[in-house]
Amino acid sequence: MPKRFYVLLCITVASFIVMTWLSHQNGEHTAQTSMNLARWLSFINPDTEAVNAWLRRYAHVFLFSIMTILILMTLSAGGIHPLVGVPFLYVLAWIDEVTKPFIQGRHYHLEDVKLNMAGVTIGCVLFFGFTAIIYLIRIRISNRK
(Lines give C-alpha, C1' and ligand atoms only; values in the text may rest on other atoms or scores of the structure.)
Protein backbone atom coordinates (compact mmCIF):
# COMPACT_ATOMS: atom_id res chain seq x y z
CA MET A 1 0.00 0.00 0.00
CA PRO A 2 1.26 3.48 -0.76
CA LYS A 3 2.15 5.85 2.07
CA ARG A 4 -0.75 8.10 0.99
CA PHE A 5 -3.17 5.31 1.96
CA TYR A 6 -1.85 5.10 5.53
CA VAL A 7 -1.89 8.88 5.95
CA LEU A 8 -5.47 9.07 4.70
CA LEU A 9 -6.45 6.09 6.85
CA CYS A 10 -5.13 7.83 9.99
CA ILE A 11 -6.92 11.08 9.11
CA THR A 12 -10.14 9.20 8.31
CA VAL A 13 -10.09 7.16 11.54
CA ALA A 14 -9.30 10.25 13.63
CA SER A 15 -12.11 12.19 11.92
CA PHE A 16 -14.53 9.31 12.45
CA ILE A 17 -13.67 9.18 16.16
CA VAL A 18 -14.18 12.95 16.57
CA MET A 19 -17.42 12.88 14.56
CA THR A 20 -18.77 9.94 16.56
CA TRP A 21 -17.78 11.57 19.85
CA LEU A 22 -19.52 14.82 18.90
CA SER A 23 -22.55 12.96 17.58
CA HIS A 24 -22.93 10.83 20.70
CA GLN A 25 -22.62 13.38 23.48
CA ASN A 26 -25.56 13.40 25.84
CA GLY A 27 -28.34 15.92 25.26
CA GLU A 28 -26.97 18.50 27.69
CA HIS A 29 -23.43 18.41 26.30
CA THR A 30 -24.45 18.48 22.65
CA ALA A 31 -26.69 21.49 23.30
CA GLN A 32 -23.86 23.24 25.15
CA THR A 33 -21.31 22.45 22.42
CA SER A 34 -23.48 23.84 19.63
CA MET A 35 -24.44 26.93 21.64
CA ASN A 36 -20.77 27.65 22.40
CA LEU A 37 -19.99 27.40 18.70
CA ALA A 38 -22.99 29.64 17.89
CA ARG A 39 -21.68 32.26 20.33
CA TRP A 40 -18.25 32.04 18.76
CA LEU A 41 -19.87 32.61 15.34
CA SER A 42 -21.91 35.59 16.59
CA PHE A 43 -19.75 37.92 14.48
CA ILE A 44 -21.56 36.43 11.46
CA ASN A 45 -25.03 36.71 12.96
CA PRO A 46 -25.66 38.11 16.45
CA ASP A 47 -28.80 35.98 16.79
CA THR A 48 -27.09 33.05 18.49
CA GLU A 49 -30.34 31.08 18.77
CA ALA A 50 -30.77 31.17 14.98
CA VAL A 51 -27.12 30.24 14.43
CA ASN A 52 -27.45 27.42 16.97
CA ALA A 53 -30.53 26.04 15.20
CA TRP A 54 -28.72 26.21 11.86
CA LEU A 55 -25.64 24.47 13.33
CA ARG A 56 -27.66 21.69 14.92
CA ARG A 57 -29.37 21.02 11.60
CA TYR A 58 -26.55 21.34 9.10
CA ALA A 59 -23.71 19.84 11.14
CA HIS A 60 -25.14 16.50 10.01
CA VAL A 61 -24.72 17.41 6.34
CA PHE A 62 -21.26 18.92 6.79
CA LEU A 63 -19.80 16.12 8.91
CA PHE A 64 -21.15 13.34 6.71
CA SER A 65 -19.93 15.10 3.55
CA ILE A 66 -16.41 15.32 4.98
CA MET A 67 -16.49 11.74 6.28
CA THR A 68 -17.72 10.49 2.89
CA ILE A 69 -14.93 12.27 1.02
CA LEU A 70 -12.30 10.96 3.44
CA ILE A 71 -13.53 7.36 3.27
CA LEU A 72 -13.76 7.41 -0.53
CA MET A 73 -10.28 8.94 -0.82
CA THR A 74 -8.88 6.32 1.54
CA LEU A 75 -10.47 3.45 -0.38
CA SER A 76 -9.19 4.85 -3.66
CA ALA A 77 -5.66 5.27 -2.27
CA GLY A 78 -5.81 1.66 -1.07
CA GLY A 79 -6.64 0.39 -4.54
CA ILE A 80 -10.28 -0.32 -3.69
CA HIS A 81 -12.90 1.16 -5.99
CA PRO A 82 -14.63 3.90 -3.97
CA LEU A 83 -18.09 2.80 -5.14
CA VAL A 84 -17.66 -0.18 -2.81
CA GLY A 85 -17.88 2.20 0.16
CA VAL A 86 -21.03 4.05 -0.86
CA PRO A 87 -23.59 1.56 0.52
CA PHE A 88 -21.60 1.39 3.77
CA LEU A 89 -21.74 5.19 4.05
CA TYR A 90 -25.53 5.24 3.74
CA VAL A 91 -25.81 2.51 6.39
CA LEU A 92 -23.44 4.51 8.61
CA ALA A 93 -25.66 7.58 8.16
CA TRP A 94 -28.61 5.57 9.43
CA ILE A 95 -26.72 3.79 12.25
CA ASP A 96 -25.47 7.13 13.57
CA GLU A 97 -29.05 8.16 14.26
CA VAL A 98 -30.40 4.74 15.30
CA THR A 99 -27.93 4.65 18.21
CA LYS A 100 -29.10 8.01 19.63
CA PRO A 101 -31.89 6.60 21.87
CA PHE A 102 -29.20 4.80 23.88
CA ILE A 103 -27.73 8.17 24.90
CA GLN A 104 -29.26 10.21 27.70
CA GLY A 105 -31.22 13.17 26.36
CA ARG A 106 -30.96 12.10 22.71
CA HIS A 107 -33.64 10.76 20.37
CA TYR A 108 -33.96 9.16 16.94
CA HIS A 109 -35.11 11.63 14.30
CA LEU A 110 -35.86 10.56 10.74
CA GLU A 111 -35.11 14.13 9.64
CA ASP A 112 -31.55 13.75 10.97
CA VAL A 113 -31.13 10.48 9.05
CA LYS A 114 -32.16 12.36 5.90
CA LEU A 115 -29.63 15.11 6.67
CA ASN A 116 -26.89 12.52 7.26
CA MET A 117 -27.75 10.86 3.95
CA ALA A 118 -27.79 14.23 2.20
CA GLY A 119 -24.25 14.71 3.51
CA VAL A 120 -23.24 11.32 2.08
CA THR A 121 -24.80 12.26 -1.26
CA ILE A 122 -23.04 15.64 -1.36
CA GLY A 123 -19.74 14.00 -0.42
CA CYS A 124 -20.17 11.43 -3.22
CA VAL A 125 -21.02 14.11 -5.78
CA LEU A 126 -17.98 16.17 -4.77
CA PHE A 127 -15.62 13.20 -4.70
CA PHE A 128 -16.74 11.58 -7.95
CA GLY A 129 -17.11 14.96 -9.67
CA PHE A 130 -13.59 15.98 -8.71
CA THR A 131 -12.28 12.53 -9.68
CA ALA A 132 -13.94 12.82 -13.11
CA ILE A 133 -12.46 16.27 -13.67
CA ILE A 134 -8.95 15.03 -12.77
CA TYR A 135 -9.43 12.03 -15.08
CA LEU A 136 -10.48 14.28 -17.97
CA ILE A 137 -7.54 16.62 -17.38
CA ARG A 138 -5.12 13.67 -17.40
CA ILE A 139 -6.60 12.38 -20.67
CA ARG A 140 -6.31 15.81 -22.24
CA ILE A 141 -2.69 16.15 -21.11
CA SER A 142 -1.78 12.65 -22.36
CA ASN A 143 -3.40 13.40 -25.75
CA ARG A 144 -1.21 16.50 -26.17
CA LYS A 145 2.00 14.45 -25.93
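Biologist: Which residues of H5 are buried?

Modeller: This is a predicted model, and in it the buried residues of H5 are Asp112, Val113, Leu115, Asn116, Gly119, Val120, Gly123, Cys124 and Phe127. A residue counts as buried when its relative accessible area is under 20%.

Biologist: What do the buried residues of H5 pack against?

Modeller: They pack against two helices, H3 (48–77) and H4 (86–98).

Biologist: How many residues does H5 have, and what span does it reach?

Modeller: Helix H5 runs over residues 110–144 and has 35 residues. From its first C-alpha to its last it reaches 51 Å, close to the 51 Å expected at 1.5 Å a residue.

Biologist: Now the charged side chains. How many salt bridges are there?

Modeller: The general idea is a distance rule: a side-chain nitrogen of Lys or Arg has to be within 4 Å of a carboxyl oxygen of Asp or Glu. By this rule the model has three salt bridges. One of them joins the side chains of Glu111 and Arg57, at 3.4 Å from N to O. Glu111 belongs to helix H5 and Arg57 to helix H3, so this pair ties together parts that are 54 residues apart in sequence.

Biologist: Are Glu111 and Arg57 buried, partly exposed or exposed?

Modeller: Glu111 counts as partly exposed because its relative accessibility is 36%. Arg57 is also partly exposed, with a relative accessible area of 36%.

Biologist: Which side chains does Lys100 meet in salt bridges?

Modeller: Lys100 meets Asp96 at 3.6 Å, N to O, and Glu97 at 3.3 Å, N to O.

Biologist: What is Glu97 in contact with, leaving aside its neighbours within four places in sequence?

Modeller: A contact is read from heavy atoms within 4.5 Å. Glu97, which lies in helix H4, is in contact with His60, His107, Tyr108, His109, Asp112, Val113 and Asn116. Three residues in that list, Asp112, Val113 and Asn116, are also among the buried residues of H5.

Biologist: How far is the backbone nitrogen of His109 from a polar atom of the side chain of Glu97?

Modeller: That distance is 3.1 Å.

Biologist: Where is Ile17 found, and is Ile17 buried or exposed?

Modeller: Ile17 is found in helix H1, which covers residues 3–23. The cut-off for exposed is over 50% relative accessible area. Ile17 has 53% relative accessibility, so it counts as exposed.

Definitions and conventions: Residues are numbered from 1 along each chain as its sequence is written. This is a predicted model: local features need pLDDT of at least 70, side-chain atom pairs count only at pLDDT 80 or more; totals for chains, interfaces and linings use all residues. Side-chain values use heavy atoms; hydrogens and water are left out. Helices (H or I, at least four residues) and strands (E, at least two) are DSSP runs, numbered from the N terminus. Buried means under 20% relative accessible area, exposed over 50%, partly exposed in between (1.4 Å probe, protein chains only). The expected span of a helix is 1.5 Å times one less than its number of residues. A polar contact is a pair of N or O atoms within 3.5 Å; within protein, one must be able to donate a hydrogen and the other to accept it, and residues adjacent in sequence count only if both atoms are side-chain atoms.
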